[in-house]
Amino acid sequence: MSRAEERNQEPRKRRPRKAQGGAQRKQDNAKRDYRARRSSQERERRPEQNHDSGFEAEIICGRNAVKAALAAGRTINRLYYLDSGDSRLYKLVQAAREAGVPVSAAKNEQLDRLTGDLTHQGIIAEPAAKDYVDAESYLSELEAAGKDPFILILAEIQDGHNLGAILRVADAAAVDLVIIPERRSQGLDARVARASAGAIEFVPVARVTNLSRLTLDLKDRGYWIYGLDGEAKERYNEVSYRGKIALIVGNEARGINQKLREHCDFLLSIPMAGRINSLNASVACGIVTFAARAERETGLAKDEAELEQV
């Protein structure tokens with residue numbers, strides 16, 4: 001037997017660990033803590049990736065980048081700027097306003113927090129995950145096609161998960177259009193895209209400056225306006241949803257404001273049998289939306305049957 005074979009047959013002996021002194025242990029622990037902190041910081045700086053839909057929670061930083069995005073007609077949810085009296089920033093802010101982009105002044109600390117280690121030069125823009133449609137044009141197209149549209153109006157929904165969940169409801173219930181306000185509302189960003197599980201790609205969403213004016217315009221066009229209100233006496237399953245309809249879903253905490261309530265033809269509640277007297281906005285929206293869908297489909301089938309008998 002060769003020496004190499006003899007060595008392979010011998011049981012391997014583990015080398016004894018060198019005894020570490022207190023200073024060495026402290027140094028090793030410090031290195032481990034430093035690596036953990038760096039790893040955590042890198043995860044925080046990394047753009048939020050939606051692996052289901054492919055969207056990134058990106059921001060556009062700096063004067064030239066924001067200027068190029070505006071010139072290219074990029075759809076922007078909101079523009080933030082440092083109110084420092086800089087004339088170059090002011091020109092960009094004016095261009096954004098003229099393009100219909102919601103604009104907000106922010107402190108330097110807020111911009112730093114939004115951009116992380118990126119240089120913002122006093123201005124950043126949050127691009128939309130999807131382009132918005134024009135409400136007036138889209139409604140005209142629906143009506144020209146002979147449809148009785150079913151619209152959801154979301155009055156200041158501010159949670160991205162709620163908005164995404166409502167888009168899933170809208171897609172599943174074949175809602176024709178979702179409308180949100182420009183201000184005090186969650187826009188179509190990566191978080192909404194992820195929460196919608198892809199429904200954002202198939203549901204048309206319009207953004208308008210004034211929901212009260214929009215609601216009055218809809219009434220002039222022959223729409224019935226329904227509003228969800230936990231205190232309403234009329235129940236959601238006691239009304240008809242035939243024809244052109246718009247369902248208003250209010251803010252998660254405050255519900256529908258007084259002016260919109262006054263524009264509603266029906267204020268509807270969902271009866272509760274348990275101890276909790278409220279529902280999440282997206283859950284309440286889903287209950288009433290599918291009830292309306294079922295009633296509309298039943299009515300359509302009845303109309304078709306009556307026509308066949310004539």
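Contact means that heavy atoms lie within 4.5 Å. The structure is a predicted model, in which local features need pLDDT of at least 70, side-chain atom pairs count only at pLDDT 80 or more, and totals for chains, interfaces and linings use all residues. Residues are numbered from 1 along each chain as its sequence is written, and side-chain values use heavy atoms, with hydrogens and water left out.

**Exercise 1.** Determine where glutamine 158 lies and which residues it is in contact with, leaving aside its neighbours within four places in sequence.

*Solution.* 
Step 1. Helices (H or I, at least four residues) and strands (E, at least two) are DSSP runs, numbered from the N terminus. Glutamine 158 is found in the loop between strand 5 (150-154) and helix 7 (160-172).
Step 2. Apart from neighbours within four places in sequence, glutamine 158 is in contact with Arg184, Ser185, Gln186, Asn251, Glu252 and Arg254.
Step 3. For glutamate 252, 94 residues away along the chain, the C-alpha atom is separated from that of glutamine 158 by 7.5 Å.
Step 4. A polar atom of the glutamine 158 side chain lies 3.4 Å from the backbone oxygen of arginine 184.

**Exercise 2.** Decide whether asparagine 251 is buried or exposed, and identify the backbone oxygen that its side chain reaches.

*Solution.* 
Step 1. Buried means under 20% relative accessible area, exposed over 50%, and partly exposed in between (1.4 Å probe, protein chains only).
Step 2. Asparagine 251 has a relative accessible area of 7% and is therefore buried. Glutamine 158, at 40%, is partly exposed.
Step 3. The side chain of asparagine 251 reaches the backbone oxygen of glutamate 156 at 2.8 Å.

**Exercise 3.** State the phi value of arginine 184 and where this residue is placed.

*Solution.* 
Step 1. Arginine 184 is not a glycine, yet its phi is positive, at about 55°.
Step 2. Arginine 184 belongs to the loop between strand 6 (177-181) and helix 8 (190-195).
Step 3. With a relative accessible area of 55%, arginine 184 is exposed.

**Exercise 4.** Describe how helix 3 and helix 4 pack.

*Solution.* 
Step 1. Axes are lines fitted to C-alpha atoms, for helices over the stretch in contact, and angles run from 0 to 180 degrees between N-to-C directions. The angle between helix 3 (residues 63-71) and helix 4 (residues 87-98) is about 25°, and their axes are 10 Å apart.
Step 2. Angles under 35 degrees count as roughly parallel, over 145 as roughly antiparallel, 65 to 115 as roughly perpendicular and the rest as oblique. Helix 3 and helix 4 are therefore roughly parallel to each other.
Step 3. Helix 3 contributes Arg63, Lys67 and Leu70 to the contact, while helix 4 contributes Arg88, Leu89, Leu92, Ala95 and Ala96.

Definitions and conventions: Polar contact = N/O pair within 3.5 Å; in protein donor to acceptor, adjacent residues only side chain to side chain.
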